[in-house]
Structures are given as C-alpha cells and as structure tokens.
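Try each task yourself before you read its solution.

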Amino acid sequence: MSCKANRRQFLHRAAAASAAAVLPAAASAAAAPTRNPNIIVILTDDHGFADVRWNGCKDIPMPHIDSIAANGVRFQCGYVSHPFCSPTRAGLLTGRYQQRFGHENNPAYLPNDPTAGLPLDEITLPQVLKPAGYVSGIVGKWHLGATPAHHPLRRGFDEQFGFIGGGHDYLKAGEPGETREYLIPIEKDGQPTPLTDYLTDALSREAAAFVRRHRNDPFFLYLAYNAPHTPQQVIDKYADRFRHIADPKRQNYAAMLSAVDDGVGLLLSTLRDVGLENDTLIFFLSDNGGPLTIASNGSRNDPLRAGKSSVYEGGIRVAFAAQWRGWIPAGSVFVHPISSLDILPTAAAVGGAPLPADRPIDGVNLLPYLTGERSGPPHERLFWRMGGGTAWAVREGRLKLVKPAESAAPELYDLDADIGEQTDLAAKRPADAARLRQAFDRWNAQLIPPRFQSPQANKKAKGKEGAAKKE
Ligand code: CA
C-alpha cells in the first residue's frame, strides 16, 4: 500500500475515533483534508516554562500563543531533548537523540569548520517531507553549522529568511564579510538582504509571506524566532505595553515576547485568510527553559527547578502546545511526557512521508494520542545527556533520576508529587534508582562522544549553572 493510502486510512480511522469520542459535530464534518496538511513549527528561544498563560503567566498577555493551546492541546510534560540551543534544534529536525551523532554542544560560528554543525549525513525533517511533495521554508535562527555545506538550503529547505548563527542583533545587521556572529548579514535564500524592520517583525512578515506564497502547496514552515534570547533590544511599539513592569529585564523580556505574539497572530490570521487553518498542524515550543543565570533575560520557570543549561526540569521541560483544528480536540491537556523529538515522526505521518529506515528514530508519532485514538504514555522513558555525560537524566513515568553535574551523585525525584525536584528519594528507593541508572547506561551505550565543543567562553559557566543548587 502506498504511503498516501496509508495516511488516508490512518486519518480516516483517527477521524472516526476522535469524532465519536470528543469532536463536536461541526469539527468532525470539517475534518476531511483534501490535500496534504501543512506543518508549522514555531520555536521561541530561551522562553521560560512559566511564561505562557497555560503555565501561569499573568503579566505578559500573549493571546495568539495562548490560542494555539486553547484551540488544541497543551503538553503538561512537553520536553526538549537538550537544555540549550543547538542540540535541541539538531534533535527536533532529525527526530533523533542528537548525542547519537555527537551534536551535544553549541557550534561556534565557524564558517570554515566542517565539524561544527549538524553532521551532513543526518536527515532533516524537510528532507523527510520532500518526497511527499512538501515545500519547506526556514524563517529565523539556524545554529546548526555555518559552512556552505551546512546551510539550510543544503539541508532540505527550499526557502530561507534569517541568519545562520546562534543569535542576532534585533536592530541592525552588518555588511557582507561581517564576521561577528550577532551582526552577520540577514539572508534571504542564501543572499544578504537588508534588515529594514525590528528583526522579530521581519521574521513574522516573512513567515506570513511564505504561507501566502505557498497557499496551494503542502508546506512545512520552520519559524525559529531568536526572541526572547538576549540581547534585550526592544522598540517602543512593544516596550510601551510594559512600562508598568518594574524589573527592567522582565520589562524588556515582556516586550520581546509580545512582539513574538503579534507575529504568531499575523501568521494565524494569514492562515485563516487563505483558508488553511483546518489544514495546518502547528507546534509551538521553546528550545529550552528560561535562563536564570548566564544570559538571564527575566524569564521564569517556576515551579520548576533551575533553567537553561540544567537537566533539572527548568532546563528541559518547556512551554509546548499544538493545534490542528478539527483533529486535535480544543482545550486538550496531554499529561504524559512527550518530546520535541516527536515532531518529526508526527509530521511525517501527517504528511504521508516514510521515515528513514536506516537509523533509529527516537521520536514517536503523537497524532493517534492527540486525536484520542490511543491512550497512555507515548514513551516508556525519555533521556538527556550533556557535556559527554557530565550531567544526565532519565524520566520513567513519574520518576526521574538526574545527575545534575559532574561532581554530583544521581538524585531521584517523584515528579508527580514533587515537580520542583526538592526531595531526593535516591537513598529511600534504591531499586528504582538502580533500574533507572541501568536504563540510562543502556541508552548511553548507543551514543558517541561530542564531535565539537561549545565556544570556550560559555563552557565553564554552563558547568556552574548545571551544578547550582537552586536557581
Ligand atoms: Ca535557547
């Protein structure tokens, strides 16, 4: 049977199951896709777990981001595969634990270093979707290698607007030849293009234009905002909304997130304008938890412990939601742990594209769980490793074994009872600790050492951050 026939059969089954169980009649009647659904991934950068309304945020209105969860599902335990930028993106775009291929650190911005980036034999989500007829666009931050061979246009994307480093100035860009990472020229399809707007607004504009341009094609849009990552640069249009916030970092952070929310609103209204709202699966997530120490930006992760660069929950459990009107019941709450690694297999299933068969894919297709066709946890366990093993964690059900730093012993937490990871149960429950340790060791044996290191200036600081007791 062809993949497309498989997909149709699956969608039909999913529609029947979910329509009977949960969908209102109007939604089930609407759920009859006549084309391959579009897929959009909206990624924010260093956005705190608590800084969305569904996780308790009260001081930064983000009605459009909220609407994704309200119209779809919010993930109570939505994880990324790494507590910082580039490895998370490597996992998201391959569906694989990035330590399988040594992508465990941030590549320095090195346009001549072929090792510093996503290994060239890895298969990316746009490459997976291509045989199913998808056109793919990246808007925003790449951070998966700076050589010509690593360029997103060489890694499966058909169109590009943004920058290839790990961050960027929001107000200005340099001329061609500029080598300072945050000032390199903005690119459109690989060519330098002037930055004429506040960067976040420019990314939103280009994302909406991509949707209009491809209204008749099945498309994959990867909208990777660098906001609200530092530098904290704002414009009055957004800053004026938050003059009442006393903490200047929080005030700037709020303004930067508000700009993202306006952009999400533009994207969602564009989808409605061109009649694609019911034909589009949208994921929204942050690439890691909010940074509380190094490059702190006023974000909040409470009640989670620690933040970016830590394998405590604050580094890896993120604001995470998905919408597909007519398919995912509005207002759903998914309680079981899921991962950013699941985006690739879910998108492939939605698009009717086969997964690479020559390598392990660690994510799972979430769609049957989200439509109500299947229940229970999609993953038996989830794993994290950083620094080649100096810190790591494994989650199994409600338990988590976490080694937070090189000098620390593994700690065991019951996350259902203790979301803030305050009461270490390792001594009280040695059998559980030993089982999780063995599971980690089996997983760890499949990994390779890091192929490249993060820029030296960040390394020591990150070790310290991971070791901090309570942040
Ligand atoms: Ca980040």
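**Exercise 1.** Is R250 buried or exposed?

*Solution.* Start with the cut-offs: buried means under 20% relative accessible area, exposed over 50%, and partly exposed in between (1.4 Å probe, protein chains only). R250 has 6% relative accessibility, so R250 counts as buried.

A note on the model: it is predicted, so local features need pLDDT of at least 70 and side-chain atom pairs count only at pLDDT 80 or more, while totals for chains, interfaces and linings use all residues. Residues are numbered from 1 along each chain as its sequence is written, and side-chain values use heavy atoms, with hydrogens and water left out.

**Exercise 2.** Which side chain meets that of R250 in a salt bridge?

*Solution.* Step one: a salt bridge is a side-chain nitrogen of Lys or Arg within 4 Å of a carboxyl oxygen of Asp or Glu. Step two: the partner is D51, at 2.9 Å from N to O. Step three: R250 sits in helix α8 and D51 in the loop between β1 (38–44) and α3 (63–70), so the pair ties together parts 199 residues apart in sequence. Helices (H or I, at least four residues) and strands (E, at least two) are DSSP runs, numbered from the N terminus. D51 is buried as well, because its relative accessibility is 1%.

**Exercise 3.** How many residues does the largest nonpolar core have?

*Solution.* Such a core is a set of buried Ala, Val, Leu, Ile, Met, Phe, Trp, Tyr and Cys residues joined through side-chain atoms within 4.5 Å. The largest has 97 residues. Helix α8 (residues 248–273) gives the largest share, 11 residues.
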